[in-house]
Every structure is written in structure tokens, then in C-alpha cells.
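Let's walk through this one together, a question at a time. Ask away once the picture is up.

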Amino acid sequence: MSIQLTPRAAEKVKEIRELEQIPEEALRVRVLGGGCSGFSYDLFFEDEHTELDQKFVSHGVPIYIDMMSYQYLEGTEIDYVEGLHGAGFKFINPQAQATCGCGSSFSA
Amino acid sequence: MRPSNGLSKCTARIGGYTPLMRAAVLEGSIIEVRGDDSREWLNGQLTAQIADAKDGEVRRGLKLDRTGGILAMPWVFCRGEEFDLFVEREGAKELLEDLDRYIIMEDVELSLREDTRALFLEGERGDGIFARATLYGMEGAIRILEEGEIVESIVQTRGAELLDGQALETARIRSGTPGRPEFERRRLLPQEAGLKELVSFTKGCFLGQEPVVMLEHRGSPPKRLIRLEMEPTLARSLKSEGTGGIKGADITDDTGAAVGEITSVSSNDERGFAIGLLRKRGFTLDTLHLRASEGAPSAAVTAFAFIGEPPDN
């Protein structure tokens with residue numbers, strides 16, 4: 001199983017890369033301890049990877065994930081949503097047993 | 001009539017003489033938190049504000065599970081960017097394992113130092129060695145003892161009285177400070193335990209935050225801890241002989257229906273003290289009674305008081 005972006009999320013990632021003038025950088029996805037439910041998601045751009053990283057390409061966007069984070073993210077789809085209460089990337093994580101109300105953290 | 005919002009005047013003056021200074025040795029274990037991300041990571045694990053803790057300071061927070069239930073109430077000793085969590089010996093390994101689950105890619109390492117002790121001195125000021133702290137209502141300072149360090153001379157030098165384990169437990173219960181007996185019996189949110197002051201509602205996310213914040217904005221907690229004062233004979237009759245545990249004792253309402261239970265009890269020569277858990281909301285203190293087991297002295301509960309803020313029902 002891999003990690004995927006929805007077409008809408010991929011477009012948003014590309015848009016942000018263009019704005020930041022880093023069109024070739026990959027999206028680094030990782031999990032950190034913290035947040036209301038224990039684990040929280042972290043996204044940032046990075047141009048380097050290690051041999052221990054899992055590497056995927058989704059809708060033209062390269063994605064790097066370290067091995068530890070991958071255990072918690074396998075099978076995750078990342079969407080981009082806009083609503084009255086804000087906009088942002090949404091993680092649909094089959095390994096999450098519960099998520100907090102704002103969706104930024106989860107328990108596993 | 002009992003007051004609905006605190007202890008009665010007659011019990012407030014009861015309790016015997018108070019020495020100028022008291023000292024206590026706390027038995028515990030230390031969970032060492034080391035690594036470059038220690039401060040930020042720990043701030044996300046505990047309810048207390050750790051982000052701005054200064055070298056030499058000690059803070060007290062709660063470790064919650066993800067549903068907001070209290071697991072432990074550690075002292076957090078800040079040593080620059082390193083932190084020592086002083087926790088009760090019992091359950092320290094489980095707490096370490098629980099904390100360890102939440103280290104993913106952070107530069108944080110945890111290790112356990114068992115069988116450590118801390119010395120609390122009432123009236124002592126923080127001086128770089130001792131850190132200011134409050135223990136069971138006593139204002140003073142605390143520090144972790146070196147292995148084999150003899151405390152008697154430190155205590156005697158200051159003219160303090162060293163509380164033994166029984167006296168310390170009595171001080172805990174008398175002050176209405178919940179501890180392991182309360183946390184083990186039922187899952188308690190900070191507001192239910194009267195420990196809201198150990199929660200920072202402004203520092204940002206921490207594990208278990210969501211139910212705690214929701215409760216804060218939605219009124220009274222469903223369960224509440226209360227404090228009781230009673231005749232010492234009654235308190236002694238509530239203790240099981242030998243085990244030191246508690247015999248069954250219900251807190252009842254005016255109709256005689258059980259609405260709570262006793263979780264901790266202790267006494268000195270003059271007074272008995274207990275902590276109890278009310279399982280439902282909506283009771284005023286003047287409607288509560290204690291129904292002790294058969295053979296216990298009747299009546300003799302002189303005061304009930306909510307621990308923490310009184311509920312608005």
C-alpha cells in the first residue's frame with residue numbers, strides 16, 4: 001500500500017511549490033507525537049531523502065516518508081478541503097482509531 | 001446545617017497544632033526526558049505549560065490518556081533543556097511505556113530511574129537547589145535527593161518536623177489532593193478531580209486536551225471528588241485491617257440512595273479525613289451522608305466539601 005494525494009490535494013501542493021519557488025521539491029509527510037489525540041501530522045517540502053525513506057509519486061508529486069511515520073500512515077489518502085471553517089489538507093488514515101475534532105491529530 | 005460550598009467553621013479550626021515547618025520525603029521514580037526536542041515534545045504530553053519552564057524550576061502537571069483521563073500527576077524538574085519527571089514509584093514503568101508510544105521521529109529519549117526520593121521542606125524558598133513547590137497545601141520547596149543522602153540532618157538544621165508515611169497520607173487526604181487511589185479507581189478528568197489548576201488552557205495542544213476543553217465549556221463535570229471530615233473512630237473503622245484498604249462505604253443522598261463512594265481515608269489523633277467520589281452531578285453538600293459498613297460508629301461526619309471549584313449543577 002502506498003500514500004496517495006487526491007487530484008485536488010496534488011494541485012494544491014503544486015500551487016504552493018510554485019508560490020514558494022521550489023517546483024522540484026518533494027512533499028515530506030511525517031507523524032509526530034503530540035496533539036489532542038497523541039499523534040499529529042506534519043507536512044513540509046524537502047529535496048533530500050535517505051535510503052530508509054519510503055518514496056512515492058502521486059499525481060506528479062513526489063512524496064517522502066520515513067520508516068517510523070510510514071507505520072502510522074500506510075494506506076493514507078491526503079485530500080485538500082475548503083469550507084466555511086477553513087481550508088487545509090485532510091488525512092484519511094485507515095490506521096487512525098480516532099481523530100480530534102480539528103482533524104490535525106489522531107490516535108493509533 | 002452544613003455549608004454547601006466549603007468546610008464549616010468548626011472543622012476549619014480542627015486539626016491540632018501545626019509546627020512551624022514540616023518536611024516530607026517522597027518516594028518515587030524519575031523518568032528522564034533527554035534530547036533536543038524534549039521541551040516541545042513534553043509540552044505536548046502534559047497538561048502544564050512546559051514551554052517556558054526555566055532552569056531550576058519545578059512544575060506540576062497531569063499526564064492524561066487520549067480521552068482526558070488522569071494517568072499520573074508528575075512533578076516536572078527543569079534542568080535547562082533536560083527534564084526529570086518525578087512520579088509515584090508504583091505505575092512508573094507503565095507511564096514510561098505510555099510516554100514512549102508517542103515518540104516517533106522526535107529527538108527524545110526516555111529512561112527510568114527507580115527508587116529515588118525527593119525532599120519537600122515547608123517554608124523553604126527556591127534557591128537554585130530547592131525549587132518552589134506546593135505539597136498538600138503546604139508552601140515550600142522541593143529537590144530530588146542524591147542516592148544515599150541522609151535527610152535527617154537537613155531537616156533538623158531547619159527545625160522542621162519530618163512527616164512519616166502515615167502523616168503524609170493524612171496531609172494529602174486532609175488537603176483534598178487526589179492521588180493514585182482516586183486515579184486508579186475510575187477514569188477522572190481534571191475537572192472531576194478538582195485539578196483544573198494543573199491544566200493550561202492557553203498553551204496549545206496536549207494529549208487528552210479535547211475532552212478536557214469541551215467539558216470546560218459545557219458546564220459541570222458528571223463526577224466530582226469531595227472531601228470529608230469526621231470523627232477519627234469513624235475514619236479508622238473505614239480502613240480494612242492489615243491491607244490498609246477501604247471497607248465498603250457509600251456516600252448517600254437524603255433518600256438513602258448510594259451516589260458515591262469513599263476512595264481514600266486517614267486519620268490523626270483528633271480528626272478523620274476522607275476523599276470520596278460522587279458519581280453523579282446535581283447534589284448539594286447538605287444532602288449528603290456517609291453510610292459506613294455494619295458495626296461502624298454512626299453519624300460523626302462533620303463536613304463535606306467539593307474539591308476544586310464547586311459545581312454550578
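Q: Let me start with one residue: is B:E309 buried or exposed?

A: Buried means under 20% relative accessible area, exposed over 50%, and partly exposed anything in between (1.4 Å probe, protein chains only). B:E309 comes out as exposed, with a relative accessible area of 52%. Before we go on, this is a predicted model, where local features need pLDDT of at least 70 and side-chain atom pairs count only at pLDDT 80 or more, while totals for chains, interfaces and linings use all residues. Residues are numbered from 1 along each chain as its sequence is written, chains are lettered from A and ligands numbered from 1 in the order in which they are written, and side-chain values use heavy atoms, with hydrogens and water left out.

Q: Where is B:E309 found in chain B, and what is it in contact with?

A: Helices (H or I, at least four residues) and strands (E, at least two) are DSSP runs, numbered from the N terminus. B:E309 sits in the segment after β16 (301-306) of chain B. Contact means heavy atoms within 4.5 Å. Setting aside neighbours within four places in sequence, B:E309 is in contact with B:K196 and B:R224.

Q: Which side chain does B:E309 join in a polar contact?

A: A polar contact is a pair of N or O atoms within 3.5 Å; within protein, one must be able to donate a hydrogen and the other to accept it, and residues adjacent in sequence count only if both atoms are side-chain atoms. Here the partner is B:K196, at 3.2 Å from side chain to side chain.

Q: How do I read the buried residues of a helix, say α7 of chain B?

A: An α-helix has 3.6 residues a turn, so residues three or four places apart point the same way. In α7 (residues 209-216) of chain B, the buried ones are B:Q209, B:V212 and B:L215. Looking down the axis of α7(B), they fall within an arc of 140°, so they line one face of the helix. That arc is taken from the directions from the helix axis to the C-beta atoms. The buried residues of α7(B) pack against β3 (63-64) of chain B.

Q: And B:Q191, is that buried or exposed?

A: B:Q191 is buried, with a relative accessible area of 9%. You'll find B:Q191 in the loop between α6 (180-185) and α7 of chain B. The side chain of B:Q191 reaches the backbone oxygen of B:V212 at 2.9 Å, and a polar contact of 3.1 Å joins the side chains of B:Q191 and B:E216.

Q: What about the strands: where is B:E32, and which side chain does it meet in a polar contact?

A: B:E32 is in strand β1 (residues 22-34) of chain B. At 17% relative accessibility, B:E32 counts as buried, and its side chain makes a polar contact with that of B:R113 (2.9 Å).

Q: How many residues of each chain are in contact between chain A and chain B?

A: 20 residues of chain A are in contact with 16 residues of chain B. Four residue pairs are in polar contact between the chains (both at pLDDT 80 or more).
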